[in-house]
Amino acid sequence: MTGLRQVKVVGAPLGGNGIRSSFPVIEVVGWDGPKGAKACTTRPNLADLWQVKGKITSTSTAVLDFSLKGGPDSLLATYDGGKIVFPDGNTWKKIAEQKERRPKDTSTLSDGPSFRERDDDE
């Protein structure tokens with residue numbers, strides 16, 4: 001089955017003591033496609049997307065929490081030869097961006113008003 005995945009590495013959050021962890025955060029947003037399909041040929045709706053997070057533990061490894069998808073809470077992922085490889089043999093290979101496969105509605109915030117009023121405007 002072919003699915004859509006967006007993998008993003010972001011800086012570690014600040015701890016309560018104001019110090020950042022030395023391990024950046026990895027965020028994965030994905031869609032597994034229509035049930036029974038061998039490939040994703042349609043665009044997903046935002047409600048159909050899932051998200052997992054984890055920590056980068058070295059230049060080539062990360063630990064991901066798939067518990068919200070019914071999987072393990074600490075799954076090792078290895079970056080090898082341009083692919084993310086999992087212990088069960090599953091691999092995610094990077095492909096060129098295909099905008100037509102993105103969700104139709106990617107808005108999460110409004111654009112706001114076209115002008116801004118201020119209280120002190122007369």
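The structure holds four aromatic pairs, where rings of Phe, Tyr and Trp (its six-membered ring) pair if their centres lie within 6.5 Å, and planes under 30 degrees apart count as stacked, over 60 as edge-to-face and the rest as tilted. Keep in mind that this is a predicted model: local features need pLDDT of at least 70, side-chain atom pairs count only at pLDDT 80 or more, and totals for chains, interfaces and linings use all residues. Residues are numbered from 1 along each chain as its sequence is written, and side-chain values use heavy atoms, with hydrogens and water left out.

Two of the pairs share Trp92:

| Pair | Centre to centre | Angle between planes | Class |
|---|---|---|---|
| Phe66 and Trp92 | 6.4 Å | 65° | edge-to-face |
| Phe86 and Trp92 | 4.9 Å | 65° | edge-to-face |

Phe66 sits in the loop between strand 4 and strand 5 (75-80) while Trp92 belongs to strand 7, so their pair ties together parts 26 residues apart in sequence. Strands here are DSSP runs (E, at least two residues), numbered from the N terminus. Ring pairs also bring in Trp50, making a cluster of Trp50, Phe66, Phe86 and Trp92.

How buried is Phe86? Its relative accessible area is 5%, and Trp92 comes in at 13%; buried means under 20%, exposed over 50%, partly exposed in between (1.4 Å probe, protein chains only).

Leaving out residues up to four places away in sequence, Val28 touches Trp50, Leu64 and Trp92, among others; contact means heavy atoms within 4.5 Å.

As for the fold, seven strands make an open antiparallel sheet in the order 1-2-3-4-5-6-7. Strand 1 and strand 7 (91-93) are the edges, each pairing on one side only; pairing takes at least two DSSP bridges. Strand 2 (residues 25-31) and strand 3 (residues 50-56) are joined by six bridges, and Val29 has Gln51 as its bridge partner in strand 3.

On confidence, the mean pLDDT (the predictor's confidence in each residue, from 0 to 100) is 78, with 72% of residues at 70 or more. Over residues 108-122 the pLDDT is below 50, and this stretch has one contact beyond near neighbours in sequence.

Technical notes
Helix = DSSP H or I, 4+ residues; strand = E, 2+ residues; numbered from the N terminus.
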